[in-house]
Amino acid sequence: MNDGPASSANPAALRETASDACLRVENLHKTYALGRVKVPVLRGVDLSVAEGGFTAILGASGSGKSTLLHLMGGLDRPDRPASGVSSIRYKGRELAGASRSTLDAYRARETGFVFQFYHLLPELSVMENILVASMVRWGLAWPAHRGAATRAAEELVEHVGLSHRKRHRPAELSGGERQRVAIARSLINEPTLLLADEPTGNLDQKTGETILEMLLSIRAARRLTMVVVTHDERTAARADRVVRLVDGRVAKA
Amino acid sequence: MYQFLLTKRYLVSKIMPLLAAVAVILCTAMVLVVWSVMNGFLTMLISSGRTMTGDVVVSWPNAGFAQYQELIDDLRKEPLVKAAAPVIESFGLIALPDGAKKTVRVRGVEGPSYAQVTRYEETLHWRPISEPVEKDVDREDPRLHSISGTSWEEVLDNGRRLVRKGESGRVEPAMVMGIEVSEFNRRQIGGFYVPQQAYQALPNGEYAFVDLFMPRDGKVLLSLAPLDASGRAVEMVSRNLAVANEFQSGVFDVDSSLVLIPLEVAQDMLRMNAARRVVKDPKAKLAAGDGFDDPAEKLVEEPARVTDVLVRGSMDVFRTQDAMQLRAAVERVYERFAERHKGVVPPVHSINILTWEQQNRTMISAVKKETVLLLVLFMIISLVAVFLILAIFWSMVAEKTKDIGVLRAVGASSAGVAGLWVSYGLAIGIVGSSLGLCLAWTIVANINPIHEWLGRAMGIVIWDPRIYYFVTIPNKVEPDKAVIVFVAGVLSSTIGALVPAARAALMHPVKALRFE
């Protein structure tokens, strides 16, 4: 259930929640340049995510929640802060200063991304969209894992209810179906951390609820750690813990 | 592995890669067609040019040299020499039955020995054939049918021996002329000739159409100018000669300007036969009173002379080093021969001993340079393909920015993403170059029919035999050159993809995902 937000201003609370945390971020800063104007997005975020938990990051548009998710997923790197050190630790490994190849491997093996706009490859079929993540993970060793990966992809397709759509291309699917394909793709490499950026944001309410239920059941079945970025209070209400981001900082409770 | 899957999908689902492939196809085909034709042209030039001459020629064009039979005997003993033959080269004027006059190159030859050093017998056009040549579907070639007044066997034999039966039934020396010399034969699309009706001057000053088949009815008046030792024309000598046959070497320049006559006729007309002659001797002026009106004249016994001895090598002399080896052997033989006949024949350092290639080096070198120049020009044009692919790939990378972001999100490395675009370029290169090779092969293999069609349908004659020497365009693709062009096409395409691939690799994953 909702544990309430952690706060960078409350180190005791951080220590408390960090005891069983698998992902811990400290003093995260990120500034984007819009032409000559520098726009600070994250201004020192501290946060820990419990293993196997469902953490919702709630915030208004521009509050920095997607940026935080990208940093946690190794898609981007934090800025060097004026004071102290930025840190992103996943299961004890430091990612903030990790090499490119370490981050590539982290994304391929340990995380799964689900995006608001699905981000499927339009030229590939449903099965191929799922398998492409496995191909990326295994590289040249893919032929040796092809059979197992294909079986896993078929199971996932069945699990998300798209067995009859295996050979269809994204353009031939509805929004909900596309998101289910994206969920299946995020799971093909059996990640331990699932990162979802507004997974229901582009869907109608009913379909959004179905997708959320699906994510929750998958998380429970696979004991996944799940972080969902959302601005939807109803989605956040289903989380074990809700973190509110306001102006690039974790808001106090 | 995802690179192969996406490359396959991108190749067939977009119009832009097809455009890039078309650019590679056209450039590859263009370079290979030009290279094949020009190289074939050079090969034909070297090969066909030797059809009517030797691998090495010993030449003293001014006055000719004596004792040539002894030189030929010496040469035949040399292991590198297969055969040698005496020849006289000169220029002359012929008057054709229709009254036309034409300057020609005249070559005095002994039929059998000349056939041993050249491919002369193969070039004799009028001969019996049992099957029509390719494309002569209507069997229009006169050689397939009987000929009135003579037989094809007799015409062929006449050509070999340079003789023809005269009106009295006696066998007389005769001329063999290039098939294009008289202009009485019309070349057909299949490459064979059909004799045409000719205008003939009548005694009353009028003209009439007559059926004139030169090897049966034709006679020409040949005029030659014998030269003295200083190269001055002594007088003009004319003689009527029947035509025995016509040759087709395939080299237009040769077929339209060369006539062959028996060696003894050439020697006789050019005053190069063995005879006692009164000659001018400037030194004799000092010693007058030897019985002549002019104290500078004296009577000498002159041996028969020729201007050239053609030599055929025992190996298939085609490579430059083989020809040079043969030339060195001929030079050694001539040196010993000149030693024995000091003062009678030119010394070894004066006489011209040249390989066929050396004799024609200006023309061969020009063609070689022209080939290189054309290739360079077309390769520069092909660079356009590189930039075209670069431009197409650049816009494709922009279009696929989101896909790149997705791939990076699921763990693809920068190098992996770069590899996707490089392999895409490679695939377009392989597909484009393969199809380009097929297109080039089709064009080159059918270049003569295409050229004939262009000539018929649009009046465009690109390959004029008067400029390019040959009546047919070379139509062979050499496998090694096809491989080089293929590899170059694939490389060009891959190089064109490198910059867009680097752009894709350097894309920030988050920016790529947010790209609109």
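1. In this predicted model, helix α4 (residues 126-138) of chain A packs against helix α6 (residues 175-187) of chain A at an angle of about 30°, and their axes lie 7 Å apart. Angles under 35 degrees count as roughly parallel, and α4(A) and α6(A) are therefore roughly parallel to each other. The crossing in which α4(A) passes α6(A) is right-handed.

2. On the α4(A) side, the contact with α6(A) is made by A:Val126, A:Asn129, A:Ile130 and A:Ala133. The residues of α6(A) that meet them are A:Val181, A:Ala184 and A:Arg185. Sorted by class, this contact has five nonpolar residues, one polar residue and one charged residue.

3. α4(A) also packs against helix α5 (residues 142-159) of chain A, here at an angle of about 140° and with the axes 9 Å apart. Because only angles over 145 degrees count as roughly antiparallel, α4(A) and α5(A) are described as oblique to each other. Their crossing is right-handed.

4. In the contact between α4(A) and α5(A), the residues from α4(A) are A:Val126, A:Met127, A:Ile130, A:Leu131, A:Ser134, A:Met135 and A:Trp138. From α5(A) come A:Trp142, A:His145, A:Ala149, A:Thr150, A:Ala153, A:Leu156 and A:Val157. The class division is 11 nonpolar and three polar residues, with no charged residues. A:Val126 and A:Ile130 take part in this contact and are also listed in the contact of α4(A) with α6(A).

5. α6(A) has a further partner in helix α7 (residues 205-222) of chain A: the two axes come within 10 Å and cross at roughly 15°. α6(A) and α7(A) are therefore roughly parallel to each other, and their crossing is right-handed.

6. The α6(A) residues in the contact with α7(A) are A:Gly175, A:Gly176, A:Gln179, A:Arg180, A:Ile183 and A:Leu187. Those of α7(A) are A:Thr207, A:Thr210, A:Ile211, A:Met214, A:Leu215 and A:Ile218. By class, there are six nonpolar, five polar and one charged residues in this contact.

7. Turning to the interface between the chains, 22 residues of chain A are in contact with 19 residues of chain B. On the side of chain A that touches chain B, the elements giving two or more residues are α3 (100-109) and α4 of chain A. The residues of that side comprise 11 nonpolar, four polar and seven charged.

8. In chain B, helix α17 (residues 479-505) has 27 residues and spans 38 Å from its first C-alpha to its last, close to the 39 Å expected at 1.5 Å a residue.

Technical notes
Residues numbered from 1 in each chain as written. Chains lettered and ligands numbered in written order. Predicted model: local features only at pLDDT ≥ 70, side-chain atom pairs only at ≥ 80, totals over all residues. Axes fitted to C-alpha atoms, helices over the stretch in contact; angles between N-to-C directions. Helix = DSSP H or I, 4+ residues; strand = E, 2+ residues; numbered from the N terminus. Parallel < 35°, antiparallel > 145°, perpendicular 65-115°, else oblique. Left-handed = near helix turned anticlockwise from the far one by under 90°. Contact = placed C-beta atoms within 7 Å. Nonpolar A, V, L, I, M, F, W, Y, C, P; charged D, E, K, R; others polar. Expected span 1.5 Å × (residues − 1).
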